[in-house]
Amino acid sequence: AQDDPIGRTLSHTEVGKGQTVRKVTCPIGVLLIIFESRPDCLPQIAALSIVTGNGLLLKGGKEAAASNRCLHGLVCEALAEAGGADVASLVGLVESREDIASLLKLDKVIDLVIPRGSNDLVTYIQRSTRIPVLGHSDGICHVYVDAAADPAEAVRLVVDAKTDYPAACNAMETLLLHEATVGSGLAQQVLTALRKAGVKLFSGPRAMKEGLCDTPCSDFHTEYGDLKCSVEVVQSMQEAID
């Protein structure tokens, strides 16, 4: 079984005779987590909140309202069996969009808001509440393939990074290939595997010049959220990082 994450001493410092400052893990309090149309988030979020001892209010997208309702019911049923009705009530489901505006005013009750979704959603939440907000930026993830990469591993990792869950915020959106992979044929192997997996490729200037792709990309800051990917050739790992 996993160790209880609550009550663990992370550090302690003696600041004076008989005086010690300890950093100990504890629950945050009541969380309001707003996510869009992916109901699989609900049991994941609920599990993390339960194990860390936090109260939870969940608001999912209207597109998955029925699924969210069903999953919330299962979570509450499991909690009731484990600890009774009082424990089950620690995870609430908010179904009305109008309720969110009211909840965002409860800065004395709710301790943290976590919006998961588009930049527009995150910005709206940040502007509408005095409660601390744990927001995020675009999910634009790059994968770099070095000249020394194992070909089979490179192909497997790149295809998985794009195709396992294209809509996820940690899916690959830009592929950077070391220029030596063009001469070795590795770049072509990787791109062929992506095309076979149904991925549409958009080319940067160097990749276009090398003949790797024929459709130009507008920039390298696009979050496709789909089976699409930008491709560019770089001279070194440092250039890929920059």
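## Worked exercises: burial, packing and overall shape

At 9% relative accessibility, N54 counts as buried (buried means under 20% relative accessible area, exposed over 50%, partly exposed in between, with a 1.4 Å probe and protein chains only). This is a predicted model, where local features need pLDDT of at least 70 and side-chain atom pairs count only at pLDDT 80 or more, while totals for chains, interfaces and linings use all residues. Residues are numbered from 1 along each chain as its sequence is written, and side-chain values use heavy atoms, with hydrogens and water left out.

**Exercise 1. Work out where N54 sits and what surrounds it.**

Step 1: Find the element. N54 belongs to the loop between helix 1 (41-51) and strand 4 (55-59). Helices (H or I, at least four residues) and strands (E, at least two) are DSSP runs, numbered from the N terminus.

Step 2: List the neighbours. Leaving out residues up to four places away in sequence, N54 touches P27, I28, G29, L31 and S49; contact here means heavy atoms within 4.5 Å.

Step 3: The N54 side chain reaches the backbone nitrogen of I28 at 2.7 Å. A polar contact is a pair of N or O atoms within 3.5 Å; within protein, one must be able to donate a hydrogen and the other to accept it, and residues adjacent in sequence count only if both atoms are side-chain atoms.

**Exercise 2. Which face of helix 5 is buried, and what does it pack against?**

Step 1: Pick out the buried residues of helix 5 (residues 119-127): L121, V122 and I125.

Step 2: Look down the axis. These buried residues fall within an arc of 95 degrees, so they line one face of helix 5; the arc is that of the directions from the helix axis to the C-beta atoms.

Step 3: Name the packing partners. The buried residues of helix 5 sit against strand 3 (30-35) and strand 6 (112-116).

**Exercise 3. Check the length of helix 6, then find its buried face.**

Step 1: At 1.5 Å a residue, the 13 residues of helix 6 (residues 151-163) should span 18 Å, and the end C-alpha atoms are 18 Å apart, which agrees. The expected span is 1.5 Å times one less than the number of residues.

Step 2: A154, V155, V158, V159 and K162 are buried in helix 6. They fall within an arc of 115 degrees seen down the axis, so they line one face of the helix.

Step 3: That buried set packs against strand 7 (141-145), strand 8 (172-178), helix 8 (186-196) and strand 10 (228-234).

Step 4: At the start of helix 6, a side-chain oxygen of D150 comes to within 3.2 Å of the backbone nitrogen of A152.

**Exercise 4. Compare the chain with a compact globule of 242 residues.**

Step 1: Such a globule would have a radius of gyration near 18 Å, but the chain has 23 Å (taken over C-alpha atoms; the globule rule is 2.2 Å times the number of residues to the power 0.38).

Step 2: The C-alpha atoms fill a box of roughly 65 × 55 × 40 Å along the principal axes.

Step 3: Of the 242 residues, 35% count as buried.
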